[in-house]
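Here are my notes on the model, point by point. Please read them with the structure open.

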Amino acid sequence: MVTPSEVLELASIMLAVKLILVHNHPSGNLTPSDADKDITEEMIQAARLLHKEVLDHIIISTDDFYSFAESGLFAELEKSERFVPPYLLKEKARKEGEKNKAINIAKNMLSGGMNIDNVIELTGLSKTEVKDLLKAIKSEVDKG
């Protein structure tokens, strides 16, 4: 088995910003093992900390290959937060909380008839986000 530090050390020396992981299964069985999935998931998160991106993990045999990206497994592993450092999870939760507060404030402002541009300026939400909120409010009023 390889460790993220070994792989990322080489990637850093080579000044790589994107990586494709590759290893072989001499047995010919291309099904990713739990260890293959774990190291891929861990590599994705470790690479992010160094501002690098893992694009795929490919398992090869003498006759064929298996791509985590093509199979959809890679996208699933990218979403995982199992190997995300706790301080980053805390920061993400804080930002999501701030975003939710801004959305609630914007809803109140829009419901009160405030101009979209003022709502954008005061909440920091994007024009698209504010317009979507306004549509949702109008839809609720139409239903009620």
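1. Residues 24 or more positions apart make up 60% of the contacts in the protein chain with a separation of 6 or more; contact means heavy atoms within 4.5 Å. The model is predicted: local features need pLDDT of at least 70, side-chain atom pairs count only at pLDDT 80 or more, and totals for chains, interfaces and linings use all residues. Numbering starts from 1 along each chain as its sequence is written, and side-chain values use heavy atoms, with hydrogens and water left out.

2. The protein chain has seven helices and three strands. These are DSSP runs numbered from the N terminus: helices are H or I, at least four residues; strands are E, at least two. The radius of gyration is 22 Å, well over the 15 Å that the globule rule gives for 144 residues, so the chain is more spread out than a compact globule. That radius is taken over C-alpha atoms, and the rule is 2.2 Å times the number of residues to the power 0.38. The C-alpha trace spans about 65 × 35 × 25 Å along its principal axes.

3. Is Glu41 buried or exposed? Glu41 is buried, with a relative accessible area of 5%. Buried means under 20%, exposed over 50%, partly exposed in between (1.4 Å probe, protein chains only). Glu41 sits in helix H2 (residues 34-49). Leu77, Ser80, Arg82 and Phe83 touch Glu41, not counting residues up to four places away in sequence.

4. Phe65 lies in strand E3 (residues 65-67). Phe65 is partly exposed, at 43% relative accessible area.
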